[in-house]
Amino acid sequence: MKHVFLVLPASAGVNLAQAAESVLSVVKKNVASAESFVATEMVPTVLQSQGADASMEALVGAVQDSAAEAFVVTGVSLEQSVRSETLNIQIAAALDADVILVADSDENGAIVAADFAAAKTRVAFVLADGDSANEDAVKKILFAECEHRISQAEFRRNLIKLASRSLKRIILPEGAEPRTLKAAIEAYERKIAIPVLIAKKADVEAEAARQNLTVPAGFEIIEPTAELAEKYVPLLVELRKAKGMTEEKAREVLKDPVFLGTMMLKKNEVDGLVSGAVHSTADTVRPALQVIKCAPGVKSISSVFFVCLPSQVYVFGDCAINLNPTAEELAGIAIQSHDTAKAFNLPARVAMLSYGTGKSGKGDDVELCMAATQAVRDARPDITIDGPLQYDAATTESVAKLKAPGSAVAGKATVCVFPDLCAGNICYKAVQRSAQGVIAVGPMLQGLAKPVNDLSRGALVEDIVYTIALTSIQAQAAK
C-alpha cells in the first residue's frame, strides 16, 4: 500500500512548501523511496470548477503510476482559491491521504480539522507554521495499521484501466438514444470498449448532429433489419421450442432491439450487452434469462450497485432484480455480492441489513435476515458477515460500538445486502441523489453466463460509460 501525506493550510499565509519539505525529510528516513509533488502543479485543472472528477483521477494516477512507497503532496493554499478547503477535502478523499494541517494556532487547526473529520478524512496532526515536523508523529502515522480505502476517484480510474486491458465489443441496443450515443462515443475515445450500436444510421447521425458530436470513423452501427433478424430465427426457435417458440413468433420477438442484441451475444458476435436507458429492467433481463441463462451452479441472478462516496466505495445488493427474496435467495445475493467486491479489489465485509441490530428487532423480516446470515456462514465460512444490522450500525463506527460491540463487520461494512428490492432501490437512489459528490455505478447483474447489464432510466452519461466499463471487465473475466 502506498502512503500519502497531504500537507494543507489551516490558516492564511502559512508556508506550505516549508512544511511539506519538513515532512518529506522525515518520510525519506523511514522508507526505501518517497516522492513529493504540488497538487496544483501536477494537475493544474484542480483549481477549475469544471472537470473535478478527471482532476481527482489524474492525481490518483500520479500516485499509482509511481514506484515510490510514500508521497508528500502539497495541497491548495488559501491564496490560490476561495474554495481551497473544499478542494483539499476532495483531494484528501481521492488519495485516501493522511492530512497534516499547517496552522498559525492550535485553535485554527482544530476548527479546520473538525471539517475534515466530518468529511471522513483522516487528520494526522496540526503542524505549527515554521516548525519542523514532529518525527515521532510522522513515523507513527507512516507505520500505523490502516486499511487502504479505495476512493471514488481511484475506483473510477481502476475501472477504466481494467476495461482498457482488452477491448471488448459491447452491444448497445438503444444506439440512437441521446445519453447512450454520447456515452458510446466517450467509451470509444477513452479506449474503454468497442461499442456496437443497434440503430438506424440516419438516426445516429441526426442525434450526433443535434448534440454537436462527432461520430468516430469506424464506429460500428448495425441497422435492425428483417434480413438481419432472420439470421437468428433458427437458433431462437431451438432455444425456446420447449416454450412454444415458432419461426413466426421468433421473427416478431426479434423486432425488439434488446432481444436482437441478446442473440448476438449468445452467438459470441459481441462480448456483452448494456441496455435500459429507455427500456425497463424487465425488458433487459427477460431476454437474458431466456437466452443467456444463469452461469453453471447459479440458481438465480441478482444485482449490485457500486455506490461511490468521495472517500469510499460500497457494494449495495440487491437493488434491481429480486423483489422479495427468500432466505436462500438472500444468502445467494450476499455470496454473489461478496465475490463481486473481491473481483473488483474492494474489501468485502458483508452486512445483512434490517430494521434491528442483533436481537433488538422482532418479526418475520428479522428472522429472514438471521436465517440468510446463517446460510451464508454454513455455505461460505470464508466470508466475513454479520446480521441483522441497521445501516448506521453497519457503516458508522461510533454507532457500531454502542449497538454491536465485538462485531467483525459493524462499523466497517463494505457490502450492504438489503432485505428486499423496495429497501435496496430506495436507499441507493436516496444516497445517489441526495448526498453530495456520490455516483452509483450499475446495476451490474450477477450470475448470468454472459455479461448483460441494465441501466436506470434516469442514468446519466457517466453512469452509462462506467456500466460499459463494468461490462467489459466482466467479459474479460468470462474468457
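In which strand is Pro388 found? Pro388 is found in strand 13. Helices (H or I, at least four residues) and strands (E, at least two) are DSSP runs, numbered from the N terminus. The model is predicted: local features need pLDDT of at least 70, side-chain atom pairs count only at pLDDT 80 or more, and totals for chains, interfaces and linings use all residues. Residues are numbered from 1 along each chain as its sequence is written, and side-chain values use heavy atoms, with hydrogens and water left out.

Strand 13 spans residues 384-389. Five of its six residues are buried, so the strand is largely enclosed by the rest of the structure. Here, buried means under 20% relative accessible area, exposed means over 50%, and partly exposed lies in between (1.4 Å probe, protein chains only). Strand 12 (residues 349-353) runs parallel to strand 13, and four bridges join the two. Two strands pair if DSSP finds at least two bridges between them. Ala351 stands opposite Asp386 in strand 13. From strand 12 the chain crosses through helix 16 (residues 364-379) to strand 13, and this β-α-β crossover is right-handed. A crossover is given that label if, with the strands pointing away from the viewer, the path from the first strand over the helix to the second runs clockwise. The peptide bond that joins Gly387 and Pro388 is cis, with omega about 0°.

The bond from Gly317 to Asp318 is cis, with omega near -10°. Asp318 lies in the loop between strand 11 (313-317) and helix 15 (327-343). Most residues other than glycine have a negative phi, and most peptide bonds are trans. Asp96 has a positive phi, near 45°. Its place is in the loop between helix 4 (84-95) and strand 4 (98-103). Asp96 is buried, at 6% relative accessibility. Lys191 also has a positive phi, near 60°. Lys191 lies in the loop between helix 8 and strand 7. At 55% relative accessibility, Lys191 is exposed.

Five strands form an open sheet in the order 8-7-6-9-16, with parallel pairing. Strand 8 and strand 16 (452-454) are the edge strands, each pairing on one side only. Neighbouring strands of this sheet are turned by 25° against each other on average, direction ignored. Axes are lines fitted to C-alpha atoms, for helices over the stretch in contact, and angles run from 0 to 180 degrees between N-to-C directions. Strand 7 (residues 194-198) pairs with strand 8 in the parallel sense over three bridges. Leu197 has Ile221, in strand 8, as its bridge partner. Helix 8 packs on the sheet and touches strand 6 (169-172) and strand 7. Contact means heavy atoms within 4.5 Å. The direction of helix 8 makes about 155° with that of strand 7. Helix 13 (residues 257-266) packs on the sheet as well, touching strand 6, strand 7, strand 8, strand 9 (272-275) and strand 16. The direction of helix 13 makes about 165° with that of strand 9.

The structure holds eight aromatic pairs. Rings of Phe, Tyr and Trp (its six-membered ring) pair if their centres lie within 6.5 Å; planes under 30 degrees apart count as stacked, over 60 as edge-to-face and the rest as tilted. Tyr188 and Phe219 form an edge-to-face pair, at 5.4 Å centre to centre and 80° between the planes. Tyr188 lies in helix 8 (residues 178-189) and Phe219 in the loop between helix 9 (201-210) and strand 8 (220-222), so the pair ties together parts that are 31 residues apart in sequence. Tyr188 is partly exposed, at 29% relative accessibility. Phe219 is buried, at 10%. The ring centres of Tyr314 and Phe316 are 6.4 Å apart and their planes are at 45°, so this pair is tilted. Both residues, Tyr314 and Phe316, are buried. Ring pairs link Tyr314, Phe316, Tyr391 and Phe418 into a cluster.

A disulfide is a pair of cysteine sulfur atoms within 2.5 Å. By this rule the count is zero. Cys308 is in no disulfide, as the nearest cysteine sulfur, that of Cys319, is 13 Å away. Cys308 is buried, at 0% relative accessibility. For Cys427, the closest cysteine sulfur is in Cys319, at 7.3 Å, too far for a bond. Cys427 is buried, with a relative accessible area of 19%.
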